[in-house]
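Here is a short briefing on selected local features of one protein model. The points are grouped by topic.

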Amino acid sequence: MLVKSYGSAVFGVEATTITVEVNIDKGVGYHLVGLPDNAIKESSFRIAAALKNNDFKMPGKKITINMAPADLRKEGSAYDLTIAIGILIASDQIKITEQLSDYVIMGELSLDGGLQPIKGALPIAIKAREEGFKGVIVPQQNAQEAAIVSDIDVYGISNLSELIAFFEGKSDLEKTVVDTRAEFYKTLEFPEHDFADVKGQESIKRCMEIAAAGGHNIILIGPPGAGKTMLAKRLPSILPPMTLHEALETTKIHSVVGNIKDVGLMSQRPFRSPHHTISDVALVGGGSYPQPGEISLAHNGVLFLDELPEFKRGVLEVMRQPLEDRDVTISRARFSVTYPSSFMLVASMNPSPGGYFNDPDAPVASSPAEMQRYLSKVSGPLLDRIDIHIEVTPVAFDQLSEKRKAESSNSIRQRVIKARQIQSKRFEKHEKTHYNAQMNVKQIREYCDLDETSSRLLKTAMERLNLSARAYDRILKVSRTIADLDGAENIEPDHISEAIQYRSLDREGWLG
């Protein structure tokens with residue numbers, strides 16, 4: 001007897017429907033075809049034990065299972081449930097009253113028939129709705145995530161016997177219903193970290209506000225304990241709240257790697273902080289079965305690279321293209337997948353190997369040559385993609401002990417949102433440009449026009465501070481953002497002079 005059940009395979013952040021054909025005939029044997037990986041090949045042992053422990057049996061006949069399309073590589077253990085229900089129906093061990101072809105069924109079986117969570121439940125549910133399936137049946141732990149998708153029935157089950165009873169018509173499954181919008185907006189305005197906790201550092205907070213308003217990448221340079229990491233962790237709290245579209249896009253990526261556990265839509269912007277020992281594949285994505293890397297997991301949020309010069313140079317260099325294109329393509333001989341990676345880069349570093357800069361009282365001193373060697377670990381092309389360089393100095397005791405609360409993230413966020421709204425209106429005719437950091441050379445010339453005073457000021461600064469040529473466009477972009485925060489239509493000398501301060505690493509003689 002031939003039975004067809006339906007599962008789904010995830011490639012990149014999109015799903016493809018898989019037809020699992022189970023044919024039982026005379027003879028003996030178990031044949032699984034259709035490019036399955038080792039985890040799927042081992043499914044026969046899990047399925048046999050699960051069936052036996054639920055008073056069923058693996059048929060002692062010739063079982064042929066085909067996973068179509070047969071030329072598409074399948075991976076993971078999530079097809080256990082799809083195959084098991086096909087075997088039970090094909091061997092006449094159960095008589096079904098529900099139509100099997102109406103459902104996409106996914107789940108990993110335990111030996112007792114219980115279900116383990118799967119990866120990619122959200123893109124699987126989206127694809128099932130697109131292809132007109134009536135419902136999706138997934139492990140209970142993935143039900144909230146899949147139920148984000150409207151206009152399709154989502155059922156969460158905890159074991160094999162629940163699924164069998166449902167198809168035999170002996171019991172009904174409870175639909176998982178999530179009010180996506182209500183859940184999303186309920187937690188939207190409550191970031192985990194708040195700038196109100198940061199004492200002092202007013203100039204750095206101003207930098208963070210400018211970076212958030214224009215989507216600019218930023219690098220913080222300062223000695224240990226100055227507060228670089230503390231400030232970086234609070235940057236997502238002043239970025240504009242995610243839209244529903246951004247939240248869905250971000251949740252899909254995290255769903256693919258199995259980061260969503262018993263929650264629906266992600267409402268907070270992601271903050272990723274990989275260790276400096278990370279490999280280039282772990283950072284940008286890839287592997288024999290490609291998975292999203294840290295830059296994709298930071299999509300619509302912040303990627304924080306602490307102690308930037310400690311990262312391997314090759315690892316940092318692979319970020320150059322994604323920083324420009326806002327996506328990354330992983331190519332293999334048979335296929336390629338593209339992951340979105342539109343993130344804000346926040347980096348921090350000590351100014352020297354010892355961690356202290358031109359400080360005669362420092363416990364560890366470094367020579368100018370050592371400092372230069374340390375700074376040169378970060379390549380010019382990478383620094384070229386970082387708009388704001390700012391020096392962070394330690395906070396004085398008087399500021400640390402001050403009881404007055406600092407400005408909250410919510411207050412700063414309101415100013416950032418207003419500036420972003422100005423930019424959205426400015427770039428509404430440009431499909432790939434949404435904020436100032438994304439401006440190309442032509443757009444810089446169009447929207448960053450300087451009056452004579454501002455132009456003269458910039459020229460003087462570049463000559464006196466020995467700023468490099470690459471600093472020119474970055475200064476114009478940042479000054480445009482400062483003008484937007486002030487609500488000014490044109491860039492004024494004050495905006496230019498402030499932007500010039502934020503190019504520390506471009507100054508010749510910065511090492512003193």
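Leu 485 is in contact (heavy atoms within 4.5 Å) with Arg 206, Glu 209, Ile 210, Ala 213, Arg 415, Val 416 and Ala 419, leaving aside its neighbours within four places in sequence. The model is predicted: local features need pLDDT of at least 70 and side-chain atom pairs count only at pLDDT 80 or more, while totals for chains, interfaces and linings use all residues. Residues are numbered from 1 along each chain as its sequence is written, and side-chain values use heavy atoms, with hydrogens and water left out.

- Leu 485 belongs to helix α21, residues 470–486; helices (H or I, at least four residues) and strands (E, at least two) are DSSP runs numbered from the N terminus.
- With a relative accessible area of 17%, Leu 485 is buried; buried means under 20% relative accessible area, exposed over 50%, and partly exposed in between, with a 1.4 Å probe and protein chains only.
- From Leu 485 to Pro 191 the C-alpha to C-alpha distance is 22 Å, and the two are 294 residues apart in sequence.
- Two of the residues in contact with Leu 485, Glu 209 and Arg 415, also form a salt bridge with each other, their closest N and O atoms being 2.9 Å apart.
- That pair links distant parts of the chain, with Glu 209 in helix α8 (residues 202–214) and Arg 415 in helix α18 (residues 409–426), 206 residues apart.
- Glu 209 is buried at 6% relative accessible area, whereas Arg 415 is partly exposed at 32%.

**Other salt bridges**

- A salt bridge is a side-chain nitrogen of Lys or Arg within 4 Å of a carboxyl oxygen of Asp or Glu, and the whole structure has 22 of them.
- One of them joins Lys 4 to Glu 21, with the closest N and O atoms 3.8 Å apart.
- Lys 4 is in strand β1 (residues 2–11) and Glu 21 in strand β2 (residues 14–25), 17 residues apart, so the pair links distant parts of the chain.
- Lys 4 is partly exposed at 40% relative accessibility, and Glu 21 is partly exposed at 22%.
- Glu 324 and Arg 385 meet through their side chains in a salt bridge of 3.4 Å, N to O.
- This pair also links distant parts of the chain: Glu 324 is in helix α14, and Arg 385 is in the loop between α16 (380–383) and β18 (388–391), 61 residues apart.
- Glu 324 counts as partly exposed at 46% relative accessibility, while Arg 385 is buried at 18%.
- A network of salt bridges links Lys 127, Glu 130 and Glu 131.

- Helix α6 (residues 160–167) is largely enclosed by the rest of the structure, because six of its eight residues are buried.
- The buried residues of α6 are Leu 160, Leu 163, Ile 164, Ala 165, Phe 166 and Phe 167.
- Their cover includes α2 (43–52), α3, β5 (103–105), β6 (108–109), β8 (135–139) and β9 (153–157).
- Just after α6, Gly 169 has a positive phi of about 80°.
- Rings of Phe, Tyr and Trp (its six-membered ring) pair if their centres lie within 6.5 Å; planes under 30 degrees apart count as stacked, over 60 as edge-to-face and the rest as tilted.
- This rule gives eight aromatic pairs.
- Phe 166 and Phe 167 form an edge-to-face pair, because their ring centres are 5.3 Å apart and their planes stand at 65°.
- Tyr 103, Tyr 155, Phe 166 and Phe 167 are linked into a cluster by ring pairs.

**Charges over rings**

- A charge sits over a ring if NZ of Lys or CZ of Arg is within 6 Å of the ring centre and within 35 degrees of the ring normal.
- The charged end of Arg 420 sits over the ring of Tyr 435, 4.6 Å from its centre, and that of Arg 426 sits over the ring of Phe 427 at 5.7 Å.

- β15 runs antiparallel to strand β16 (residues 336–340), joined to it by five bridges; two strands pair if DSSP finds at least two bridges between them.
- The two strands, β15 and β16, form a hairpin with four residues between them, and Val 328 stands opposite Tyr 339 in β16.
- Arg 326, in the loop between α14 (320–325) and β15, has a positive phi of about 65° although it is not a glycine.
- The peptide bond between Ala 68 and Pro 69 is cis, with omega about 0°.
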